[in-house]
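Dear colleague,

I am handing over the structure we spoke about, together with some notes on what was found in it. Please have the coordinates open beside this message as you read.

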Amino acid sequence: EPGLPGYVLGLGDDALVAAQRVAEWCARAPQLEEDVALANIALDLLGQARALLSYAGELEGLGRDEDALAYTRDERDFRNVQLVELPDRDFAVTVAKMLFFGVYQHLLYTALSSSADARLAGIAAKAAKETAYHTDHAVTWTLRLGDGTAESHRRMQAAVDEVWPFTHELFEPFPPVPGTVDPAGLRGAWLEPVERVLREATLRRPEDGWAPTGGRRGTHTEAFGHLLAELQYVHRAHPGARW
Amino acid sequence: EPGLPGYVLGLGDDALVAAQRVAEWCARAPQLEEDVALANIALDLLGQARALLSYAGELEGLGRDEDALAYTRDERDFRNVQLVELPDRDFAVTVAKMLFFGVYQHLLYTALSSSADARLAGIAAKAAKETAYHTDHAVTWTLRLGDGTAESHRRMQAAVDEVWPFTHELFEPFPPVPGTVDPAGLRGAWLEPVERVLREATLRRPEDGWAPTGGRRGTHTEAFGHLLAELQYVHRAHPGARW
Amino acid sequence: EAELERFEALIAADGKVEPRDWMPDGYRRALLRQIAQHAHSEIMGMQPETNWIGRAPTLMRKAILIAKVQDEAGHGLYLYSTAETLGVTREWLLDELHAGRQKYLSFINYPTLTWADVGALAWLTDGAAVVNQVSLCRTSYGPYARALVRVCREESFHHRQGFDILYALSRGTPAQREMLRDAVARWWYPALAMFGLPRDRSTRSDLSLAWRIKRAPNDELRQRFVDICVPQAEILGVELPDPELRWNPERGHYDFTPPDYDELMRVVAGDGPCNRQRMAHRRRAHEEGAWVREAAAAYAAKHPAEPYG
Amino acid sequence: EAELERFEALIAADGKVEPRDWMPDGYRRALLRQIAQHAHSEIMGMQPETNWIGRAPTLMRKAILIAKVQDEAGHGLYLYSTAETLGVTREWLLDELHAGRQKYLSFINYPTLTWADVGALAWLTDGAAVVNQVSLCRTSYGPYARALVRVCREESFHHRQGFDILYALSRGTPAQREMLRDAVARWWYPALAMFGLPRDRSTRSDLSLAWRIKRAPNDELRQRFVDICVPQAEILGVELPDPELRWNPERGHYDFTPPDYDELMRVVAGDGPCNRQRMAHRRRAHEEGAWVREAAAAYAAKHPAEPYG
């Protein structure tokens, strides 16, 4: 699904799935400040998801609103990258995902905020500000965990190693569409701050090698189906109901 | 919902939910023999569930088969005891649930195998044999964990303490219905082997006190809704489909 | 003795006690118990709600629910800081909570079984909290009074959002209307019980009133709450689960059956449906987060904050 | 030397090598690699299937799937015992697996994304396994040959059940038929790749054939599998994802595009979509179960089994 609708849908799904995962931390974060911060980030991501999915639905022209897109598509129709769906078994994994994904989103939204597509530019301009905060937050925690205790260093390195392969998919080329920004051009700008933060956090930057992919074409990890079951269950159990 | 249909439905829901939980161990049991044994127990329970739910559906006379009952009822319509829905965070919890529930099921099915209701008697006779094996298995593990290492003793005692309060609900009286056995009469017969096994396993028999209840009236624990989301998702996502 | 007189005069004049002021030990203890219970209730109260974030049936409802939980975490932070003005640390307060020596509101020990519970919980228990806290805004301890002004504003927003969830259900499918009825039936009494024991069974209450930590008796607040709820329930078209509930023109209030205070005492003592689950969840989160907090402390020790400017 | 001659004569006469017989080191190594890979594949292969036990769309399908997974665990047990006849322990075999030094079949490193994958996985990969194992039933090592007879019978049952899942989908809703098409398209090549490298890229294969550990070359078995699948795919009304697939009357076989062997090598080397996930899951289960195994051992040491009679 190339074209603007597919592009916007992909970004919307990224934000939706990331929000669902981050929100899993609510009421079980390592400290109360982090309950507040993670809920805030989940809210920002969910706001982005709603704006993007609404727009994608309009572009598509089939009468699907944000909820129809979020709640009634099947797994194979979701276009998010695999990185956002990875299970957050450990707070360090959450931090690694937030760092890699946050920097990516921030670069992409910043570029998109001068898109010729005014609607997309507007959504992106707001989201660029939000993701600047998310990135700062992730950087802070990467430093604390990487350069904290031996245990936190070990966990953070393991998390970086685990998540790194999934960052390649973020920069897969997108066929040129007016108003969009091809993420393929952003990897250099992404590597620079990410490598700097890892270095400062005394963490090893993983080798590039294995590069799992497929999310943008609807091929997800096995964890994703379970996430969808949770996300969509109530909505699906009451077809056609309004809430 | 008194009467035979409600009685049979409750037993069927017990078996269904217990099967769903036990099957969660597949491919992650502590050893391969246990993968086989737990899959076997899950299968037995699922078989009981299918027979009982089919019969409950016929008694009810609304044209609901085993799948309609398992997949399209909402949380508040399930009649299982809360014990079976408790999450199996630890193998010791699984063992404790299997011991307490297995002995209960075995007593009840044995008594029901001479029910005046031939259909129920038939189901119960088969299930009585199966639950004898489940009980043996649970006894073996209770002894091993209770009288194994210090760590396993600690975990097994914690599991027994955690699950014990939920055993009271097993013996709530059921209004007299021809062909049924009131579980309220079974507690003495249940306590005898259970206390003996706990003693032999060097485990402390918990005090009776807190006695959570409500499952038979559709009031479940918060874990149950998540179990249902998993159980019913695919079925609900394709209303009316045949599989 | 002069100090006690000055303190009592201040209270009598409806003045505010501030952290640097002298205060009787009993006052400090009662206040700390009150604020700690309030703070703990905010963070424990997140649990029945987060149970539904993942399954919220629309994205807008999901966003509102996350925002509510975020507010509660924020209130928790704010109220722990308020308690710290009394010379304790958040760490100590959490230890007291985890050890079961300090309490949180009893309604939190009931389960949220359907989506309608999210609405009923907010409509009824946040509604009850607002009635309570509006009165508490005139509490005699300055930092707590100021904290409550902010908390109250957000709680009243939550209360309205809860009503809105239920209103949508009341206009929905038969299954949704049944969900609404069922949830309200289960949450009505836990909400009524939030106002605590009636006068004749509550000894602490009088002292708190005398010191103006609390500003109205439990029973008065409970009546105020019932009087507010009944017309709202009529808008929802939902029956409150009390056959004795009716307008009493002589009193100018609704008559109602009071909560089962024995049940309340059992739940406070630890034997509600979810006490063990809530405490285990809370302790697990705390224990599993220990390595993160230790890392943050170690990092801060290695990297003292840069001086400003 | 006399021993080697006797061994080779036995092989040439299609006799069975038994555990107590002398055998060349190379034979023992090749055999162990084969049996270990088979055993590991049984237990690792449970993972893509257990992923769907919780969500199986009918209770009958759920029961069949649990039974299948149970069979696989049973095969695992049986095959580890078979490997033990070669003088190793199950513990050592598991350590080799966990350390990544012994392999399992590559198809297990692909994800099961929809319910149809459960059917496609069984129809295609169990189908391929049957073709392979029917041939292996005549393997020269006695214990393995006897194990395979039983394994084969159950695999062929699984294969038919997989087909039955897909058949139901093929008669189902448009969404179900699309699910079927999609799953078959994704599992076709992982199944074809199960037969291993073609003759010109496989050096080990010749030796295994010479020793009659394997009884037919990879390419021959792959062709046999394709010839079996095509008419079954026609019954399902599903297109196999190969535009070159067509009957070749001269060869009396279907022509087809072979799998991407470079991809196969990458997946075997560890870079399939799910290698890391599968290994992490396996190691986690093993580690989290350590205390249970230790308890069982401690109990057994305290309570030696009662003597019989």
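This is a predicted model: local features need pLDDT of at least 70, side-chain atom pairs count only at pLDDT 80 or more; totals for chains, interfaces and linings use all residues.

Residues are numbered from 1 along each chain as its sequence is written, chains are lettered from A and ligands numbered from 1 in the order in which they are written, and side-chain values use heavy atoms, with hydrogens and water left out.

Chains A and C

The contact between these chains (heavy atoms within 4.5 Å) involves 45 residues from chain A and 46 residues from chain C. Between them the two chains bury about 3900 Å², 68% of it on carbon and sulfur atoms; buried area here is the accessible area, taken with a 1.4 Å probe, that two parts lose on being put together, summed over both. On the chain A side, the residues that lose the most area to chain C are Ala27(A), Leu32(A) and Trp243(A), which together make up 19% of what that side buries.

Two salt bridges are found across this interface, a salt bridge being a side-chain nitrogen of Lys or Arg within 4 Å of a carboxyl oxygen of Asp or Glu. Glu33(A) pairs with Arg90(C), with the closest N and O atoms 2.3 Å apart. Asp147(A) and Lys302(C) also meet in a salt bridge, at 3.1 Å from N to O; this pair runs from the loop between α5 and α6 of chain A to helix α13 (residues 290-302) of chain C. For context, a search of the whole structure gives 78 salt bridges over all chains.

On the side of chain A that touches chain C, α2(A) gives the largest share, eleven residues, where helices are DSSP runs (H or I, at least four residues) numbered from the N terminus. That side divides into 24 nonpolar, eight polar and 13 charged residues, with Ala, Val, Leu, Ile, Met, Phe, Trp, Tyr, Cys and Pro counted as nonpolar, Asp, Glu, Lys and Arg as charged, and the others, Gly among them, as polar.

Chains B and D

Here 45 residues of chain B are in contact with 46 residues of chain D, and the area buried is about 3800 Å², of which carbon and sulfur atoms give 68%.

A helix pair in chain B

Helix α4 (residues 91-112) and helix α7 (residues 187-200) of chain B pack at an angle of about 145°, their axes being 10 Å apart; axes are lines fitted to C-alpha atoms over the stretch in contact, and angles run from 0 to 180 degrees between N-to-C directions. By class, the contact of α4(B) with α7(B) has eleven nonpolar, no polar and no charged residues.

With best regards

Definitions and conventions
Helices (H or I, at least four residues) and strands (E, at least two) are DSSP runs, numbered from the N terminus.
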